[in-house]
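Please open the model in your viewer and keep the sequence panel beside it. We will go from the whole chain to single residues, selecting one thing at a time.

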Amino acid sequence: MSLAFGVLLLALAVMLGGMAALFRHRSERAMSALRTFALVGAASIALLHLLPEALGEIGWLALIAAVAGFLAPAVLERLVIGEAGAHRTPTTALAMGYAAVLAHQFGEGAAVASLSRVGQLTLPVVLALAAHTVPLAMVVAIQVLEVRAGTGGKGAMSAALAGIALATVIGAFATRLVDVERLEAVEPWLLSAVAGLLLHALSHEAVASGPATTVSRAGEALGGLLGLVLATIGIDEEEWVQGIPFQLQIAALVVLAGLILLRSYGPRRATERPH
């Protein structure tokens, strides 16, 4: 996949997040399914594609880069927003949270561009990142609309989303400052870090939250199963998979599908109520 098309998909994901914010009362069920799709797709791609390849190249050292990629977004959020971020005024909290989102999207753009330069950028990877971007952009858009209610909220929201898309583009083209030889040398570490970044979504959505209806639960299950199907495309070509008996492969897929259904139809984590 070309870098331009990958970045375009991420930019479209930002726009979709804005549209979902405008019609948030009608799109809640769809967003629930999309979050599950992103969660399963990202985790599956990280564990079934990126991390195994990195482990084959540099061994268990790949786990160090994966842990760094996993923790980086949380550390950045803590540094930018701080523990008291939730207790600040809405405008200040929005500004600091927006800065963290910009940095997050810069990193995603850089990750996509780096994967493209080493020939590892695929449609499943980009779709998983894009699906994770939509809810993120939606949250930013909703916060802007609430802060600027009745005073040019839509214009401010459009400007904020344009900034997020621009940060993604800048992050993608910033990697051109690194020569190809050096990039290829760190490819296994890069794959591990991207795997950790994808797994970061698990820390937020591993257990479904909030109330659910029969329709929303079915949507979550369908979204999760589609994410699993997307991640398993071409996996039979992976060298580490070829050494696993076919019966065991099928059993593993059944277990993963069962976990997705358990998340969708099992107990749900209570959401925090605003004070």
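Of the 275 residues of the protein, 44% count as buried, where buried means under 20% relative accessible area, exposed means over 50%, and partly exposed lies in between, with a 1.4 Å probe and protein chains only. This is a predicted model, in which local features need pLDDT of at least 70 and side-chain atom pairs count only at pLDDT 80 or more, while totals for chains, interfaces and linings use all residues. Residues are numbered from 1 along each chain as its sequence is written, and side-chain values use heavy atoms, with hydrogens and water left out.

**The whole chain**

Colour the model by secondary structure, and you will find 12 helices and 0 strands; here helices (H or I, at least four residues) and strands (E, at least two) are DSSP runs, numbered from the N terminus. Read along the sequence, the pattern is α-α-α-α-α-α-α-α-α-α-α-α. If we call a contact any case of heavy atoms within 4.5 Å, then among the contacts in the protein with a separation of 6 or more, 87% come from residues 24 or more positions apart.

**The largest nonpolar core**

Next, select Ile45, Leu50, Val194 and Leu198, which touch the most other members of the largest nonpolar core, a group of 33 residues. A nonpolar core is a set of buried Ala, Val, Leu, Ile, Met, Phe, Trp, Tyr and Cys residues joined through side-chain atoms within 4.5 Å. Two or more residues of this core come from each of helix H1 (3–22), helix H2 (24–58), helix H3 (62–81), helix H4 (90–117), helix H5 (123–147) and helix H8 (187–199), and H2 gives the most, with 7 residues. Stay on isoleucine 45 and show its surroundings: leaving aside neighbours within four places in sequence, isoleucine 45 is in contact with Leu50, Pro124, Val125, Ala128, Leu198 and Ala231. A second, separate core has 16 residues, including Ala21, Ile142, Met157 and Ile164.

**Serine 192 in H8**

Now select serine 192, whose place is in helix H8. Is this serine buried or exposed? Serine 192 has a relative accessible area of 0%, so it is buried, and beyond the residues up to four places away in sequence it touches Leu51, Ala54, Ala62, Ala65 and Ala66.

**Where H1 meets H5**

Show H1 and H5 together, and look for the place where their axes come within 7 Å and cross at roughly 35°; axes are lines fitted to C-alpha atoms, for helices over the stretch in contact, and angles run from 0 to 180 degrees between N-to-C directions. The residues of this contact divide into 19 nonpolar, 4 polar and no charged, where Ala, Val, Leu, Ile, Met, Phe, Trp, Tyr, Cys and Pro count as nonpolar, Asp, Glu, Lys and Arg as charged, and the others, Gly among them, as polar. Among the residues that meet here are Gly6, Leu9 and Leu10 in H1, and Leu123, Val126 and Leu127 in H5.

**Two stops on H4**

Valine 112 lies in helix H4 and, at 0% relative accessibility, counts as buried. Valine 112 touches Leu3, Leu10, Leu121 and Leu129, not counting residues up to four places away in sequence, and although valine 112 and leucine 10 are 102 residues apart in sequence, they are 9.6 Å apart in space, C-alpha to C-alpha.

Glutamine 105 also lies in helix H4 and is buried, with a relative accessible area of 0%. Which residues does glutamine 105 contact, leaving aside its neighbours within four places in sequence? They are Thr133, Leu136, Ile164, Ala167 and Thr168.

**Along H6**

Select helix H6 (residues 153–174), whose 22 residues should span 32 Å at 1.5 Å a residue, and whose end C-alpha atoms are 31 Å apart, which agrees; the expected span is 1.5 Å times one less than the number of residues. Glycine 171 has its place in H6 and counts as buried at 0% relative accessibility. Leaving aside neighbours within four places in sequence, glycine 171 is in contact with Phe106, Gly109 and Ala110.

**Serine 264 in H12**

For the last stop, select serine 264, found in helix H12 (residues 246–265). Serine 264 is buried, with a relative accessible area of 0%, and touches Arg217, Glu220 and Ala221, not counting residues up to four places away in sequence.
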